There are 2 protein chains.
Amino acid sequence: MQELIEVKALIESAVQKKEMLIVLGDCFVEYWGRAASKLGRGRRMLLIKADGSFAIHQNKHLRPVNYMMNASISCSLNKGNELEVIALKRNPKESLKAVFYSIDFIKSFELEDKHDLRLFGSEAELSKQLSEDLDFIEPGLKPLKKEQHVKKGTIDILAEDRQGRIVVVEVKRRKASLDSVSQLHRYAEELKKIKSRETRGILLAPSITDSAHSLLHDYGLEFFKLDFEIGNPSAKIKGLEKKQKRITAYIEKKHQAE
Amino acid sequence: MQELIEVKALIESAVQKKEMLIVLGDCFVEYWGRAASKLGRGRRMLLIKADGSFAIHQNKHLRPVNYMMNASISCSLNKGNELEVIALKRNPKESLKAVFYSIDFIKSFELEDKHDLRLFGSEAELSKQLSEDLDFIEPGLKPLKKEQHVKKGTIDILAEDRQGRIVVVEVKRRKASLDSVSQLHRYAEELKKIKSRETRGILLAPSITDSAHSLLHDYGLEFFKLDFEIGNPSAKIKGLEKKQKRITAYIEKKHQAE
DNA sequence: GCGATCAGCGGCACG
DNA sequence: CGTGCCGTTGATCGC
């Protein structure tokens with residue numbers, strides 16, 4: 001338990017020095033901006049980081065109950081027995097106010113950290129690997145372009161099949177849902193207009209929900225099951241190694257299409 | 001700086017007592033599960049909460065760099081000079097390991113907190129208010145049902161216009177984008193089939209992107225501007241001012257009342 | 001448990 | 001800047 005005037009100084013110092021600041025105490029929180037919220041009095045943690053991210057954490061959930069990123073932070077004493085910590089932002093205009101009635105703990109830390117996360121198995125990574133060789137989907141499928149920006153979105157992989165038809169490939173790293181199908185539908189329809197050529201759309205995902213598959217069928221699109229292994233920089237896509245698998249995969253695809 | 005054996009005991013005790021646990025130190029982090037990641041050695045904060053949420057925070061960003069929710073947490077000493085804190089989960093199987101080489105700070109807190117966030121201005125709330133009286137969109141528009149579950153999603157508001165046509169209304173609390181249009185398109189198409197009646201689709205949002213508006217037009221759907229920004233109402237559509245004021249007033253009133 | 005959707009989504013990359 | 005879209009999305013609610 002500390003004097004609030006001291007706490008105020010500590011907060012201002014930490015913010016100025018861009019240290020990670022941890023404050024625990026009894027507080028009330030109010031937000032006004034993109035929406036509005038109130039959080040009745042209780043004990044929580046306030047976490048302020050170097051980049052101005054401001055977060056109130058309850059003792060549950062991964063995400064903060066109230067937050068603001070890139071905030072301008074200030075604090076002031078109220079009536080001598082309340083400490084207001086305020087985060088402000090504009091465009092859109094937002095304000096987040098935490099009123100502390102008592103402080104259980106406060107400390108700031110300079111955290112030396114040179115490394116950033118290296119993530120493997122992202123959709124971009126999968127897409128890149130896939131686009132190098134599309135034969136596993138069907139023989140003669142030629143990649144034309146990846147990350148093609150069109151008016152109605154960004155196409156993961158653009159290809160051409162043996163019959164010279166345009167093929168739009170949408171890659172999903174997890175089970176495909178209705179929105180994935182809608183997405184592919186948008187791209188396929190736009191390309192059909194642009195190229196005025198026969199156009200196919202293939203959804204590449206580890207699995208798909210029933211309703212999504214039904215919608216896919218309605219739209220005349222195709223599903224291709226994509227099994228992949230993750231965990232290292234050269235994550236393998238099952239079926240790429242064994243040529244034999246192509247035939248099986250092709251048959252499976254035909255079967256799925258029905 | 002503390003002995004790692006003590007730290008281990010503190011962690012286990014905090015987890016057992018479901019206290020909020022804060023650990024700062026020099027660590028390396030590795031994740032394996034839905035994807036895979038590695039984070040080279042550096043100083044960060046480990047935050048463990050009562051519900052088993054496990055988060056590694058760098059001194060930037062709102063979100064943790066590595067995390068797991070609902071984790072089973074354990075720790076062990078490695079070679080006497082490393083402390084491994086491990087979070088495990090199954091379905092899907094995931095593992096997150098933080099190896100600490102030194103500890104800058106560790107403390108756990110029992111946080112008494114009786115209140116939950118009360119949020120105003122959510123889409124559900126807006127939708128509820130709107131559905132009570134749809135005349136502001138056009139005279140004679142009668143609400144039939146809200147939160148109607150159909151195969152291809154959940155329809156915000158279902159209504160009937162003066163000509164007896166089915167009207168699907170999709171409400172968005174922020175600027176409508178391509179996916180909002182696709183969503184509405186899905187619902188409208190499905191209802192068209194089910195009811196075998198003429199069907200309209202109206203997208204209700206504060207604004208819409210150009211490409212989304214273009215797609216909306218292609219699909220034969222309609223856009224209706226609804227600016228409900230809290231504390232910043234700007235009525236530009238005739239006949240909408242009253243309704244907007246009502247909504248804004250409602251939210252403000254509710255906010256004040258709490 | 002899966003499925004669908006919202007979120008004050010956050011964060012990134014490209015125009 | 002906005003627009004689009006992925007995310008180890010998380011969190012909620014309905015079935």
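I count rings of Phe, Tyr and Trp (its six-membered ring) as a pair if their centres lie within 6.5 Å; planes under 30 degrees apart are stacked, over 60 edge-to-face, and the rest tilted. The model is predicted, so I note that local features need pLDDT of at least 70 and side-chain atom pairs count only at pLDDT 80 or more, while totals for chains, interfaces and linings use all residues. Residues are numbered from 1 along each chain as its sequence is written, chains are lettered from A in the order in which they are written, and side-chain values use heavy atoms, without hydrogens and water.

Rings. I searched the whole structure and found five aromatic pairs over all chains. Phe105(A) and Phe105(B) are stacked, at 5.1 Å centre to centre with 20° between the planes. This pair crosses between chains, from strand E7 of chain A to strand E7 of chain B (strands are DSSP runs of at least two residues, helices, H or I, of at least four, numbered from the N terminus). Both Phe105(A) and Phe105(B) are buried, meaning under 20% relative accessible area with a 1.4 Å probe, protein chains only. I find Phe105(A), Phe109(A), Phe105(B) and Phe109(B) linked by ring pairs into a cluster.

Charges over rings. I took NZ of Lys or CZ of Arg within 6 Å of the ring centre and within 35 degrees of the ring normal. Arg41(A) has its charged end over Tyr101(A), 3.8 Å from the ring centre. Arg41(B) lies over the face of Tyr101(B) at 3.9 Å.

Helix. H3(B) is followed by Ser196(B), with a positive phi near 40°.

Note on methods: Buried means under 20% relative accessible area, exposed over 50%, partly exposed in between (1.4 Å probe, protein chains only).
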